[in-house]
Amino acid sequence: MVSPVQKLIADADGEYSAIMLDVDNGPSAFHGENNQNLYTIEGLNAAKAALKEGGILAVWSAYPDKKFTKLLRRAKFEVSEVEVPASHRGRKRRMHTIWIARNGSYQSQNQKQRR
């Protein structure tokens with residue numbers, strides 16, 4: 001079964017400037033059966049195809065995942081992995097991970113057109 005977000009991604013062709021995924025607990029943690037394809041090479045290739053040149057795929061995770069970083073690179077994204085603090089109501093400070101994966105080089109969407 002395909003989730004609604006997977007269908008939107010699969011049906012797009014270079015339409016999105018950004019796709020932000022905050023699904024389950026990330027690629028290596030438990031994820032719903034319908035979401036597992038988001039974290040495969042096929043899912044990442046579909047996301048790449050849905051993005052404009054220079055578009056960003058951002059993926060949140062409760063945990064770091066070196067295999068997922070490598071998979072993003074295998075899908076030919078330019079990848080940055082950022083650790084951000086997580087709020088846990090006074091408990092020991094934890095960090096979460098956000099991958100920022102760029103589809104090719106940055107292309108400004110705000111350039112004025114020349115006449």
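## Order of helices and strands

Along the sequence, the protein chain of this predicted model runs in the pattern α-β-α-β-α-β-β. That makes three helices and four strands in the protein chain. The helices are α1 (4-11), α2 (41-50) and α3 (66-74). The strands are β1 (16-21), β2 (residues 51-61), β3 (78-86) and β4 (94-102).

Of the 115 residues in the protein chain, 39% count as buried. The accessible surface of the protein chain is about 8,000 Å², and 50% of this surface belongs to carbon and sulfur atoms. Among the contacts in the protein chain with a separation of 6 or more, 68% are between residues 24 or more positions apart.

In soluble globular proteins, nonpolar side chains tend to be buried together. Here the largest nonpolar core has 22 residues, and I19, L44, L57, F68, L72 and F77 are those with the most contacts inside it. At least two residues of this core come from each of β1, α2, β2, α3 and β4. Helix α2 gives the largest share, with four residues.

L72 shows how such a residue is surrounded. Leaving out residues up to four places away in sequence, L72 touches L44, L57, F77, V79, W99 and A101.

## Helix α2 and its cover

The buried residues of α2 are I41, G43, L44, A47, K48 and A50. An α-helix has 3.6 residues a turn, so residues three or four places apart point the same way. The cover over the buried residues of α2 includes α1, β1, β2 and α3.

K48 is one of the buried residues of α2. The charged end of K48 sits over the ring of F77, at 5.1 Å from the centre of that ring. F77 is itself among the residues with the most contacts inside the largest nonpolar core.

## Aromatic pairs

A pair of aromatic rings is described by the distance of the centres and the angle of the planes. How many aromatic pairs does a search of the whole structure find? The search finds two. In one of them, the ring centres of Y39 and F68 are 6.0 Å apart and the planes stand at 75 degrees, so this pair is edge-to-face. Y39 lies in the loop between β1 and α2, while F68 lies in helix α3, so the pair ties together parts that are 29 residues apart in sequence. Both Y39 and F68 are buried.

F68 also pairs edge-to-face with W99, with 4.9 Å from centre to centre and 75 degrees between the planes. Because F68 is in helix α3 and W99 is in strand β4, this pair ties together parts that are 31 residues apart in sequence. F68 and W99 are both buried. Y39, F68 and W99 form one aromatic cluster.

S61 belongs to strand β2. Is S61 buried or exposed? With a relative accessible area of 0%, S61 is buried. The side chain of S61 reaches the backbone oxygen of Y63 at a distance of 2.7 Å. Not counting residues up to four places away in sequence, S61 touches N25, G26, P27, H96, T97 and W99.

A62 lies in the loop between β2 and α3. A62 is buried too, with a relative accessible area of 6%. Apart from neighbours within four places in sequence, A62 is in contact with N25, R94, M95 and H96. A62 and P27 are 35 residues apart along the chain, and their C-alpha atoms are separated by 9.2 Å.

Apart from neighbours within four places in sequence, V5 is in contact with L21 and L38.

K76 is found in the loop between α3 and β3. K76 counts as exposed because its relative accessible area is 64%, and exposed means over 50%. Although K76 is not a glycine, K76 has a positive phi of about 70 degrees.

How values were computed:
Residues are numbered from 1 along each chain as its sequence is written. This is a predicted model: local features need pLDDT of at least 70, side-chain atom pairs count only at pLDDT 80 or more; totals for chains, interfaces and linings use all residues. Side-chain values use heavy atoms; hydrogens and water are left out. Buried means under 20% relative accessible area, exposed over 50%, partly exposed in between (1.4 Å probe, protein chains only). A polar contact is a pair of N or O atoms within 3.5 Å; within protein, one must be able to donate a hydrogen and the other to accept it, and residues adjacent in sequence count only if both atoms are side-chain atoms. Contact means heavy atoms within 4.5 Å. A nonpolar core is a set of buried Ala, Val, Leu, Ile, Met, Phe, Trp, Tyr and Cys residues joined through side-chain atoms within 4.5 Å. Rings of Phe, Tyr and Trp (its six-membered ring) pair if their centres lie within 6.5 Å; planes under 30 degrees apart count as stacked, over 60 as edge-to-face and the rest as tilted. A charge sits over a ring if NZ of Lys or CZ of Arg is within 6 Å of the ring centre and within 35 degrees of the ring normal. Accessible areas come from the Shrake-Rupley method with a 1.4 Å probe; for residues, only the protein chains shown count as cover.
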